[in-house]
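Here's a quick briefing to read with the model open. Take a look at the structure first, then we'll go through salt bridges and helices.

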Amino acid sequence: MKLDAKLIRYLSNEDYRVLTATEMGSRNHEVVPTPLIGHIAALKHGGTEKYLSHLAKHNLVAKTMNARYDGYRLTYGGFDYLALKTLTRRGSVYSVGNQIGVGKESDIYIVATEEQEQRVLKIHRLGRISFRTIKSKRDYLRNRKTGSWQYMARLAAMKEFAFMKVLHENGFPVPIPYDCNRHCIVMSLIDSFPLCQIREVAEPGKLYSKLMDLIVRLACAGLIHGDFNEFNILVGEDGEPILIDFPQMVSTSHRNAEEYFNRDVDCIRTFFRRRFNYESKLYPKFSRDAEREFSLDVQVAASGFTRKHQEELEKFLEEEAALEGEEDENEDDDFDEELVSDSDEDGGHMDEDQGGVKEPEPIVLKASASVAAPRDEEYAVDSDNGDGFLKEGIMVNFSVL
């Protein structure tokens with residue numbers, strides 16, 4: 001869902017008490033009974049239902065007519081507002097600007113502090129796949145053994161912030177982590193380009209070596225990124241790579257560590273071969289190059305993100321991947337049925353000149369703000385395929401919280 005922060009300044013303290021009570025009740029209830037919300041909120045003058053109606057009007061909670069009782073559930077919008085309220089109170093965020101990125105499991109926004117320092121707000125959206133398929137799988141939530149989407153989104157943010165903080169403190173090229181609350185992370189805005197947007201590099205071998213060295217350096221520190229590809233690597237105008245997106249990161253003691261390490265290496269090798277026509281015979285191997293020198297994974301565990309949290313999150317992500325695979329299969333089946341029906345309408349024949357089904361044109365997703373051109377000519381950037389990473393000179397509309 002898209003974040004609309006305009007209402008946040010107009011909500012009263014009572015609204016937030018009721019919203020928080022709904023969140024607390026969600027820990028043990030899929031649908032929180034209205035009397036329970038009133039009991040937890042403990043408003044001095046009552047009127048819980050009035051505030052619930054106001055919150056439901058703005059999609060911060062959703063009313064559900066249960067067979068046994070009536071109640072409410074917290075929506076992602078309400079979860080967003082609770083996190084933003086806390087981040088605002090801490091001074092980490094003062095205003096919210098444009099959305100600059102969207103993914104399967106997160107939304108990215110440009111935000112600013114009261115001193116007009118621009119930062120990045122990452123909102124984890126785990127459960128997006130499962131809730132999209134819930135219409136066809138009514139018993140999905142009942143059979144699921146892992147926690148709710150709120151808990152899992154919170155775990156994903158907690159994990160990413162913990163890894164980012166440890167990596168930054170140990171000199172790795174990552175954004176500066178400023179704050180984390182619930183499913184939201186506030187980090188520094190980096191003036192750079194995603195590697196997936198760069199079409200030409202003056203010295204591809206130099207950049208290739210830096211990325212391979214970074215993979216090995218992480219492994220020697222006891223960590224494997226797990227999703228080391230062109231979408232999660234930024235390249236600054238000084239040619240230095242910056243690493244982002246850490247929910248898949250695991251320890252080198254993980255049971256699938258070698259598989260993840262080799263997959264990261266293969267992703268970079270494949271990308272450089274296809275994009276820059278560059279292929280090197282030199283590349284790291286887990287058994288030979290991943291010799292542990294110190295243990296950042298132990299530091300991450302000490303920060304509060306434990307092995308139990310890791311196992312819960314991994315199980316949730318596996319279930320999400322399985323659901324996504326089923327969804328893709330259903331979409332393929334629907335597409336095949338449409339083709340059959342279309343051919344039946346045409347008498348079951350296809351134009352010989354057509355030579356079969358014509359493949360659709362590739363879709364290019366454009367950001368709401370264009371990416372500025374680099375100040376030097378070392379990189380040629382495909383600005384028509386922008387994924388919303390902000391550069392200098394872009395007008396951003398901020399909503400003060």
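Which residue forms a salt bridge with Arg90? It's Asp179, with the closest N and O atoms 2.8 Å apart. Keep in mind that this is a predicted model.

**Salt bridges**
- The structure holds 13 salt bridges.
- Arg90 sits in helix H4 (residues 76-90) and Asp179 in strand E7 (residues 177-181), so their bridge ties together parts 89 residues apart in sequence.
- Arg90 is partly exposed at 46% relative accessible area, while Asp179 is buried at 10%.
- Glu23 pairs up with Arg154, the closest N and O atoms being 3.1 Å apart.
- That pair links helix H1 to helix H7 (residues 149-169), so it ties together parts that are 131 residues apart in sequence.
- Glu23 counts as buried because its relative accessibility is 4%, and buried means under 20%; Arg154 is partly exposed at 33%.
- Arg288 and Asp289 also meet in a salt bridge, at 3.1 Å from N to O.
- Shared partners join Glu23, Arg154 and Arg182 into one network.

**H1 against H3**
- The axes of H1 (residues 13-25) and H3 (residues 48-57) come within 9 Å and cross at roughly 85 degrees, which means H1 is roughly perpendicular to H3.
- Residues that meet include Val18 and Leu19 from H1, and Tyr51 and Leu52 from H3.
- By class, that contact has five nonpolar, three polar and two charged residues.

**Helix H9**
- H9 (residues 257-275) has 19 residues and reaches 27 Å from first C-alpha to last, close to the expected 27 Å.
- Its buried residues include Tyr260, Phe261, Asp264 and Arg269.
- Among the elements covering the buried residues of H9 are helix H8 (204-220) and helix H10 (286-289).
- After H9 comes Asn277, with a positive phi near 55 degrees.

Key:
Residues are numbered from 1 along each chain as its sequence is written. This is a predicted model: local features need pLDDT of at least 70, side-chain atom pairs count only at pLDDT 80 or more; totals for chains, interfaces and linings use all residues. Side-chain values use heavy atoms; hydrogens and water are left out. Helices (H or I, at least four residues) and strands (E, at least two) are DSSP runs, numbered from the N terminus. The expected span of a helix is 1.5 Å times one less than its number of residues. Buried means under 20% relative accessible area, exposed over 50%, partly exposed in between (1.4 Å probe, protein chains only). Contact means heavy atoms within 4.5 Å. Axes are lines fitted to C-alpha atoms, for helices over the stretch in contact, and angles run from 0 to 180 degrees between N-to-C directions. Angles under 35 degrees count as roughly parallel, over 145 as roughly antiparallel, 65 to 115 as roughly perpendicular and the rest as oblique. Ala, Val, Leu, Ile, Met, Phe, Trp, Tyr, Cys and Pro count as nonpolar, Asp, Glu, Lys and Arg as charged, and the others, Gly among them, as polar. A salt bridge is a side-chain nitrogen of Lys or Arg within 4 Å of a carboxyl oxygen of Asp or Glu.
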